[in-house]
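Subject: Structure handover

Hello,

Here is the structure I promised to pass on. Please open it first, then read the notes below it.

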Amino acid sequence: MGMYLNPGNNLFKIALNSNIYVDKSGLVSYVNDVINTEQRFICVSRPRRFGKSMAANMLTAYYSCGCDSKNLFDQLKIKNCSTYEKNLNKYDTIYLNIPKFLNKTDDLKRLGNYIEGIIVTELKNQFQDYNIPETEDLNTIISYVSNYPDYKNKGFIFIIDEWDCIFREAIENTTAQKKYLNFLRSIFKDNGDIKLAYMTGILPVKKYGSHSAINIFDEFSMTDPAILAKYVGFTEGEVIALCKKYNMDFNEMQYWYNGYLFDENLHIYNPESVITAIMRKKFKSYWTRTETYEALKIYIDMNFDGLRDNIIKMLGGSRIKIFTDTFQNDMTTFASKDDVFTLLVHLGYLAYDFNTNEVFIPNHEIQEEFTATTKISNWNEIVKSITLSDKLLESTIAFENETVAQIIDEIHMATVSVLQYNNENSLACVISLAYYSARKNYIIHREFPTGKGFADIVFMPRKNTQNPVIIVELKWDCTADGAIKQIKEKNYIEALKDYSGQIILAGINYNKKTKKHECIIEGINK
């Protein structure tokens, strides 16, 4: 075994020995099915701490010759797969962790040459009895070894972790980036001696114009995870099982870390945040362990028309439709706010609904990151809204109609410079933002189903709180009294049949003529 050629299974052993390990060996079954086929080139991109490296280490441990990993994988789900023993430790596997090479290379334009030289040296040492020809060309040596009469292994596999780090660490060095891409292309393009290449990264494969620079790879990204969605990141079922095992409140776990929606029935959680919450027995934002406020600040401060407006709407709970196809899969080339939002999806700051082409803030952990970033970016409209939100909630529960209307007026005036205010949708966005601090004690539902329509906003008390339910009905250029009547006539309260306690009804109307809000608040006991 070498450092890069067949490096063994120690890194995967560490994962298995951890206090919390979730079995993702089903990924091996998919990869086994595509070995030595047209689909043998795979690129999986996910945000930091989503389990990409663990998956890469698992595949390395499974395929690498020269080590016995059977005792590791016999305890996992893959043991029941028909191809399990057929491929176990049967391939010469080259594992490359690109950030380590990046840190050792003074001239990034020669990164590919540096990597190639190291692999060539290990191959020559490993196969010194094969009379390898005098060449430093990696492809030539791989071809020579693969076709040597005494070669007994099945062929070569490449596992490349964080393939895209040069695009993140040297974002302006386009010359080095292109040379690096040419290096990857030279290895994989039309090379039948490579039976599999599996790459991980945060970004999908870099595009120039409308074309991928390495178009042979099947991509499984945050905007199109396809069949590999459940293998990188924790599924909701896995999180439920962890919560039961470690006596954690699943509803709180869901509130803090849920939201990456890969299809209608598959929600993915950030493994790092879930595990840290379990280990520390505390729900909070652990995002800054992997990212800084500055990383988000750079992108949300970009001066694209509508970007600020859309972010405020998302902070208020709205979704924004975007077009992802123009994104060039780097961190510098942006033609529109859609490109910025697409990058934020790949970085994990936004979730993406593939069916509706909409982005949204996925959970409370990321909501806090956006809020903190807008504060250091001096987004005064957001800062003022959040500052007033505590008082707004107190006044609502205290039935202070005029105070509530006045505070909403102030928040509207703070956001009017960036937020178009022309319909009930806009009003709902402002109201959701106005009640921002309520998220600490409430789960906020927009368009809450009642059986006779949808309540505009319902605030359901979080577990272990004594707060009343709040039902808010919004009207645009009508009356607040009409909003209260609608709540009663459509019997919205009936949808709360499992709840007993105080319920507050709040009717809020915006008068276009006076440009003021009015509010009527009533209370009932159920």
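Start with the crossing of H19 and H20, which is right-handed. Bear in mind throughout that this is a predicted model.

**H19 and H20**

H19 covers residues 401-415, and H20 covers residues 424-434. They pack at an angle of about 110°. Their axes are 10 Å apart. Angles of 65 to 115 degrees count as roughly perpendicular, so H19 and H20 fall in that class. On the H19 side, the contact is made by Ile408, Ile411, His412 and Thr415. H20 brings Val430, Ile431, Leu433 and Ala434. By class, that contact has six nonpolar residues, two polar and no charged.

**H15 and H16**

The next pair is H15 (residues 307-315) with H16 (residues 337-347). Here the angle is about 40°, and the axes are 10 Å apart. H15 and H16 are therefore oblique to each other. Their crossing is right-handed. Leu307, Asn310, Ile311 and Met314 make the contact from H15. Lys337, Val340 and Phe341 make it from H16. Five of these residues are nonpolar, one is polar and one is charged.

**H13**

The buried residues are Pro271, Glu272, Ser273, Val274, Thr276, Ala277 and Ile278. Their cover includes two strands, S8 (234-235) and S10 (266-269). It also includes helices H11 (236-245), H12 (250-257) and H17 (364-376).

**Cysteines**

How many disulfides are there? The count is zero. A disulfide would need two cysteine sulfur atoms within 2.5 Å. Cys429 is in none, and the nearest cysteine sulfur, in Cys519, is 18 Å away. Cys429 has a relative accessible area of 1%, so it is buried. For Cys478, the closest cysteine sulfur is also that of Cys519. The distance there is 15 Å, which is too far for a bond. Cys478 is partly exposed, with a relative accessible area of 46%.

That is what I have for now.

Best wishes

Technical notes: Residues numbered from 1 in each chain as written. Predicted model: local features only at pLDDT ≥ 70, side-chain atom pairs only at ≥ 80, totals over all residues. Heavy atoms only, no water. Axes fitted to C-alpha atoms, helices over the stretch in contact; angles between N-to-C directions. Helix = DSSP H or I, 4+ residues; strand = E, 2+ residues; numbered from the N terminus. Parallel < 35°, antiparallel > 145°, perpendicular 65-115°, else oblique. Left-handed = near helix turned anticlockwise from the far one by under 90°. Contact = heavy atoms within 4.5 Å. Nonpolar A, V, L, I, M, F, W, Y, C, P; charged D, E, K, R; others polar. Buried < 20%, exposed > 50% of the residue type's maximum accessible area, 1.4 Å probe, protein only.
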